[in-house]
Amino acid sequence: MDFRLSEEQEALRESVRDFAREVVAPAIAEHYEQHTFPYEIVRQMGKMGLFGLPFPEEHGGMGGDYFALCLALEELARIDSSVAITLEAAVSLGAMPIYRFGTDEQQAQWLPKLLSGEALAAFGLTEPGTGSDAGGTQTRAVLDGDEWVINGSKAFITNSGTDITSLVTVTAVTGTRPDGSKELSSIIVPSGTPGFTVAPAYSKVGWTASDTHELTFDDCRVPAANLLGQRGRGFAQFLRTLDEGRIAIAALAVGLAQGCVDESIKYAKERHAFGQPIGNYQAIQFKIADMELRAHTARLAYYDAAARMLAGEPFKRQAAIAKLHASTIAVDNAREATQIHGGYGFMNEYPVARFWRDAKILEIGEGTSEVQRMVIARDLGI
Ligand SMILES: Cc1cc2nc3c(=O)[nH]c(=O)nc-3n(C[C@H](O)[C@H](O)[C@H](O)COP(=O)(O)OP(=O)(O)OC[C@H]3O[C@@H](n4cnc5c(N)ncnc54)[C@H](O)[C@@H]3O)c2cc1C
């Protein structure tokens with residue numbers, strides 16, 4: 001058992017860390033404040049090959065693996081989570097289902113631009129009336145000749161309304177199974193298709209420089225060939241997509257938690273109270289030691305889940321554990337980092353304020369903490 005990174009992995013981590021410090025850090029506060037999408041940062045991430053990290057070179061990818069993506073997400077989130085979630089959703093929810101389940105034609109049509117970061121794809125599973133209970137999908141798609149006619153709506157869809165969004169993959173009810181249950185399928189809807197409307201961006205508490213919209217489909221017609229993979233496999237496809245995505249969200253959460261440690265150490269050395277740096281007080285030292293403990297153990301949890309996944313072993317439970325643990329400790333670390341910063345921690349100009357606002361959604365997105373516990377318990381046979 002060896003949790004040390006290879007030279008190549010270490011080099012990737014270093015280069016993303018430098019990029020996050022030198023390019024993301026100086027620019028992101030303004031985007032966060034203004035709620036604007038960081039196109040220039042995304043363009044540079046594309047040039048670095050980050051959107052193609054876990055894909056083979058024949059599709060235009062970098063020939064890396066899912067763990068490489070996780071390392072990049074951790075380093076980005078150490079500085080900023082809006083940028084990290086933009087990458088996470090673009091790769092794990094956007095491009096990955098097309099790579100995993102798409103036909104040769106779909107892959108040839110969409111992957112080159114998605115993997116270069118010139119275009120973004122979104123994944124529309126959640127609906128206004130149903131999130132955790134994804135089987136409760138109400139959106140319907142009916143085959144009419146050689147076209148699917150889609151009606152319904154999707155809520156909170158990341159990367160769905162940027163200027164460079166090329167498509168959203170939506171889950172829809174396409175029929176009824178012999179046992180009376182819903183037949184769910186995934187269908188690719190290109191941006192700009194008549195009947196597909198993107199609502200104005202949500203006003204969010206955190207991740208304010210990332211792109212999130214409600215989508216509606218009103219007699220929206222797409223070619224029958226836009227079905228992703230097999231008809232009726234929608235449920236299995238999104239379960240696989242979410243299982244993997246949980247490891248990526250865990251990595252992102254670890255990055256945020258580590259960023260809290262970084263900022264707290266810096267501040268504890270600079271800030272004086274009662275005649276000395278607050279870092280001299282054991283109460284502050286212990287807070288920071290506990291924050292490091294939490295980030296370190298959560299990192300091991302996502303490394304373990306990723307290693308199992310890459311070895312082709314079952315990883316559902318470990319991915320849920322990693323996501324549950326990392327998101328919980330990200331919230332804890334953000335709270336403690338804010339506390340260490342005192343009143344300044346409540347000021348938006350300090351990165352910890354952003355960490356605090358960005359941490360909570362990690363306990364909700366890609367499966368709430370309650371859903372992770374359900375997954376773990378079910379996997380334990382309870
Ligand atoms: C910023 C943002 C970006 C997002 N991006 C995407 C995206 O790109 N694509 C996408 O499809 N979705 C996306 N989502 C949606 C996200 O995945 C859902 O919000 C999440 O899965 C929870 O669903 P819900 O909001 O409907 O909550 P609900 O399912 O309504 O849950 C409400 C509460 O009830 C609890 N609960 C539900 N069922 C049970 C149960 N059986 N036992 C115990 N407790 C239960 C939940 O844990 C939660 O605490 C995004 C959300 C946000 C906020």
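## Exercises around the ligand and its pocket

An oxygen atom of the ligand lies 3.2 Å from a polar backbone atom of G131, a polar contact (a pair of N or O atoms within 3.5 Å; within protein, one must be able to donate a hydrogen and the other to accept it, and residues adjacent in sequence count only if both atoms are side-chain atoms). This is a predicted model, in which local features need pLDDT of at least 70 and side-chain atom pairs count only at pLDDT 80 or more, while totals for chains, interfaces and linings use all residues. Residues are numbered from 1 along each chain as its sequence is written, and side-chain values use heavy atoms, with hydrogens and water left out.

**Exercise 1. Describe the residues that surround the ligand.**

Solution. 
- Step 1: The shell holds 19 residues, with T126, S132, F156, T368 and E370 the closest; a residue is near if one of its heavy atoms lies within 4 Å.
- Step 2: Now look at side chains. T126 places a polar side-chain atom 2.7 Å from a nitrogen atom of the ligand, and T368 places one 2.6 Å from an oxygen atom of the ligand.
- Step 3: At least two shell residues each come from β3 (147-158) and α10 (369-379), and β3 gives the largest share, three residues. Helices (H or I, at least four residues) and strands (E, at least two) are DSSP runs, numbered from the N terminus.
- Step 4: Sort the shell by class: nine nonpolar, seven polar and three charged. Here Ala, Val, Leu, Ile, Met, Phe, Trp, Tyr, Cys and Pro count as nonpolar, Asp, Glu, Lys and Arg as charged, and the others, Gly among them, as polar.

**Exercise 2. Find the lining of the largest pocket and say which element gives the largest share.**

Solution. 
- Step 1: A pocket, on a 1 Å grid over the protein atoms alone, is an open set of points with protein on both sides within 12 Å along at least five of seven lines, and lining residues have an atom within 4 Å of a point.
- Step 2: The largest pocket has a volume of about 1,200 Å³. Its lining has 44 residues, and T126, I364, G365, E366 and G367 are the closest to its centre.
- Step 3: α6 (234-270) contributes the largest share, seven residues.
- Step 4: By class, this lining has 22 nonpolar, eleven polar and eleven charged residues.
- Step 5: Pick out E366, which sits in the loop between α9 (351-359) and α10. Its phi is near 50°, a positive value in a residue other than glycine.

**Exercise 3. Describe the second largest pocket.**

Solution. 
- Step 1: Its volume is about 270 Å³, the space filled by probe spheres set on grid points that are joined across faces, edges and corners.
- Step 2: Among its 14 lining residues, E8, L12, L53, G64 and A68 lie nearest the centre.
- Step 3: Helix α1 (residues 7-34) supplies the largest share, five residues.
- Step 4: The classes are seven nonpolar, five polar and two charged.

Definitions and conventions: On a 1 Å grid over the protein atoms alone, a cavity is a set of points where a 1.4 Å probe fits but cannot get out, and a pocket is an open set with protein on both sides within 12 Å along at least five of seven lines; lining residues have an atom within 4 Å of a point.
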